[in-house]
Amino acid sequence: LKNAQARSFAPQTCDHPASATSPGMFAQTPSQLIVVSCYTRFDNLAHGPRGKQAARSLYTYRLDSLSGQLVLVSVTKEPVMNPAFTRLHPEKNLLYTCTESVAEPGEIVTWAVSPRTGQLSKLSSQSAGGTSTCYLTLDRECKNMLVVNYWDATIGVFGVDAEHGHLSEARSFFDPNEGRPMRARHDRHVNHSENDAGAQAERQADPHSHAVILDPYVGRVAFVPDLGMDVIRQFRYDPAAGRLEAMGSIKSGAEGRRALGPRYIEFHPTLPICYVVNELSSEVAVFEFNRRMAEAAVEAEEVSEAPMLRLLQTIRTIPDAYPGDLNTCGRIAVHRSGQFVLVSNRGHNSIAVLRVHMGLPIPGLLSVVGVYHTRGATPRHFQFDTLGQWLIAANQDSDRLVVFRFNLATGRLELTGNEYSVPSPNFVCCMRPREVSAPAATPEAKDIAPLGAPLAQGPFVGGP
């Protein structure tokens, strides 16, 4: 396995900042905004939160990059039910959130972000075409958004308006269940926070797509972890047609194993390696990505189902003696340095830090640095700040945000004492928006850059 060449495309996530080219109408703001999504209704979720039901949807803080302290600057007024996963537009001060419900169709909400006040202003909403919407990905040209609905497993491709960034209606859908009704009912199902044999059996009776990412080399191969079927589905993505073509699947662990539950997948920033967090088995699976095969598959006339990922390693995220049925994994993140992979453990209430080994013969393999308590219950999500020095953990069931200092040399998480009360936090998004220096014609436009406008140096980032 050789190191990959420099890539022309990097995913716009909190850990992989967007690049910028030239100074223009934007200037980088001195501080970072932290947007926290909160559950506002518990009775229509697949899982069972135990914290306080939020009255407001999104809380926005400013982060002091010197101390790691947060100051609450804005709380949304618009009634949006159960916002969760958040994605930022890489070239506009726009934020997209999707809503979670197993009973009602999900919504993708577009918000304008004010870099001066931190206020979020709701601009538009589009139906996600499925239930319990859980993941959003913008393609490299920001022409389409790929959307995953967890409960009914569908994956949609939606057009993105070039001028304003709003979403149009779905251009296509892929349904791994091929139109068959789900065995689990929205009004009668197991608590998806549980992980005993009975809960696993019901959760894996149907497909349950949980994420979608595009490969960072070609940008035309999509990978979708299917928690229900224990596979990573691979697709050929056609941005012009707004369509996904199925290209087979890869087991998310060793052959013969069951109850793995692949939840998220993340690529290493420089190596042709990706990491899959298996929610049910509390493990990370390390895969090698075959770039040449991906390039050939994209250009081929015939659709190939040859696997583009090869399993290299599986590593546990909780202590060996801790019962696996008492834990489910949540978030996985690759630090921007490429030196560490982190995973949250819901149940064990911790974050596992894994070191990435860069040496030959196989760079990208992992070893455990340590497992650190998150000072709360059920760390559903966590996020690095845009510089990768602070980590904010969202403890969903104890209604608590906790800020840790991340030791860039050792990978250790160090307590700062900065803890904040927020109801049912489920997602953290860190960004450094850009100021608009020119006067704007409309309230909505004042914080939004036209697509293709020259950008100042500095990140405007967001993601899983």
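User: Which residue stands opposite Leu 72 in S4?
Analyst: That is Tyr 61. Do keep in mind that this is a predicted model.

User: What makes S3 and S4 a pair?
Analyst: Two strands pair if there are at least two bridges between them. Strand S3 (residues 58-63) and S4 have five bridges, in the antiparallel sense, so they count as paired.

User: Why are S4 and S29 called edge strands?
Analyst: The open sheet has four strands in the order S4-S3-S2-S29, with antiparallel pairing. S4 and strand S29 (425-431) each pair on one side only. Neighbouring strands here are turned by 25° against each other on average, direction ignored.

User: Where does Met 81 lie, and why is Met 81 called partly exposed?
Analyst: Met 81 lies in the loop between strand S4 (70-75) and strand S5 (83-88). Buried means under 20% relative accessible area and exposed means over 50%. Met 81 has 23%, so Met 81 counts as partly exposed.

User: How do you know that Met 81 comes together with residues from elsewhere in the chain?
Analyst: Contact means heavy atoms within 4.5 Å. Leaving aside neighbours within four places in sequence, Met 81 is in contact with residues including Thr 40, Arg 41, Thr 99 and Glu 104. The C-alpha atoms of Met 81 and Tyr 39 are separated by 7.3 Å, although these residues are 42 apart along the chain.

Methods
Residues numbered from 1 in each chain as written. Predicted model: local features only at pLDDT ≥ 70, side-chain atom pairs only at ≥ 80, totals over all residues. Heavy atoms only, no water. Helix = DSSP H or I, 4+ residues; strand = E, 2+ residues; numbered from the N terminus. Buried < 20%, exposed > 50% of the residue type's maximum accessible area, 1.4 Å probe, protein only. Axes fitted to C-alpha atoms, helices over the stretch in contact; angles between N-to-C directions.
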